[in-house]
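Have the structure open as you read.

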Amino acid sequence: MSEDNHSLGQRVFHRIREDILSGKYKKNEELKEKTIGEELGVSRTPVREALRQLELEGLVTIISNKGAYVVGFSVEDIQDIYEIRSVLEGLCARRVAVRVTKEQLEELEENLFLTEFHVEKGHAEQVVELDTRFHEILYEACQSKVLEHALRDYHHYLERVRKVTLASKKRSTESNNEHKQILEALKERDAKKAEAYANQHILNTIKNIDTCGWDKIVNSPEK
C-alpha cells in the first residue's frame, strides 16, 4: 500500500470510528460501504479496509455475505474500560509526578480555574473540553508514547459517557475537585499520592454512573 493510500485509509478509519463513538451510527446499524464511500468522497476500498480495522477494535462485526454492523458498547464494556483506565491513569500520574514541568503545572492550574468558572456558568461543552485537556496534559507529561496512545484511545471511547456525566453540575464540580487533588500531589512530587488520586478519580465516575443510571449512559443520544 502506498503512503498516500495508507494515509487515506487512516482518515477514513478515524472518521468512521468517530461517527460510531459519537452516536451517529447506532448499535446493530449496518455500515454500507457504498453509502459511506459516497459520503466521504472515496472508493469502497478504503472503507472496506477501515471496517476491517474497526472489527479488530471490537466496534464493528462483519458477517460474511451480509455486511458490517455496529457493535456498540454494553454496560460491561464501559465498566471494563473505566476499570482498566483507572489503573493506567494511576500509572500515568505516578510517572508525571517526577517528570512534570513548571509550565505543565501552570497549565493544569489554569485549567482548574477555567473549569470552575464554566461549571458555575453551566457551560457543559466547555467543561468537557477542559476535562479532556486536563488529562491530555498528563498524558503528554508522562513521556511514554505507549501509555499516552492507550489512554487517549480509552478517553476517546468514553467521550459520549463523559458528556452525560459532566452535564451534571454536581459531578463536574466533584471531578474538578478530584483534579485539584491530583494537581496538589504533582506539585508535591508525591508519586504514590498522585497515583492513588488519579486511580480513584476514574473509579468515582463509575460510582456516579451507578447513581444516575446506566440506561441513560448507554442509550444517550448524540450531542
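## The second largest pocket

H6 gives the second largest pocket the largest share of its lining, seven residues. Helices here are DSSP runs of H or I with at least four residues, numbered from the N terminus. Helix H6 (124-141), H7 and helix H8 (159-165) are the elements that each give two or more residues to that lining.

In total, 15 residues line this pocket, and Val128, Thr132, Glu159, Arg162 and Lys163 lie nearest its centre. A pocket is an open set of points on a 1 Å grid over the protein atoms alone, where a 1.4 Å probe fits, with protein on both sides within 12 Å along at least five of seven lines; lining residues have an atom within 4 Å of a point. The space inside is about 290 Å³, taken as what probe spheres set on the points fill. By class, the lining has eight charged, four nonpolar and three polar residues.

## How H4 meets H7

Helix H4 (residues 75-99) packs on helix H7 (residues 145-157) at about 140°, with the axes 10 Å apart. On the H4 side, the contact (heavy atoms within 4.5 Å) includes Ile81, Leu88 and Arg95, and on the H7 side Leu147, Leu151 and Tyr154 are among the residues. The contact residues split into 10 nonpolar, one polar and three charged.

## Ground rules

This is a predicted model: local features need pLDDT of at least 70, side-chain atom pairs count only at pLDDT 80 or more, and totals for chains, interfaces and linings use all residues. Residues are numbered from 1 along each chain as its sequence is written, and side-chain values use heavy atoms, leaving out hydrogens and water.

Conventions: Axes are lines fitted to C-alpha atoms, for helices over the stretch in contact, and angles run from 0 to 180 degrees between N-to-C directions. Ala, Val, Leu, Ile, Met, Phe, Trp, Tyr, Cys and Pro count as nonpolar, Asp, Glu, Lys and Arg as charged, and the others, Gly among them, as polar.
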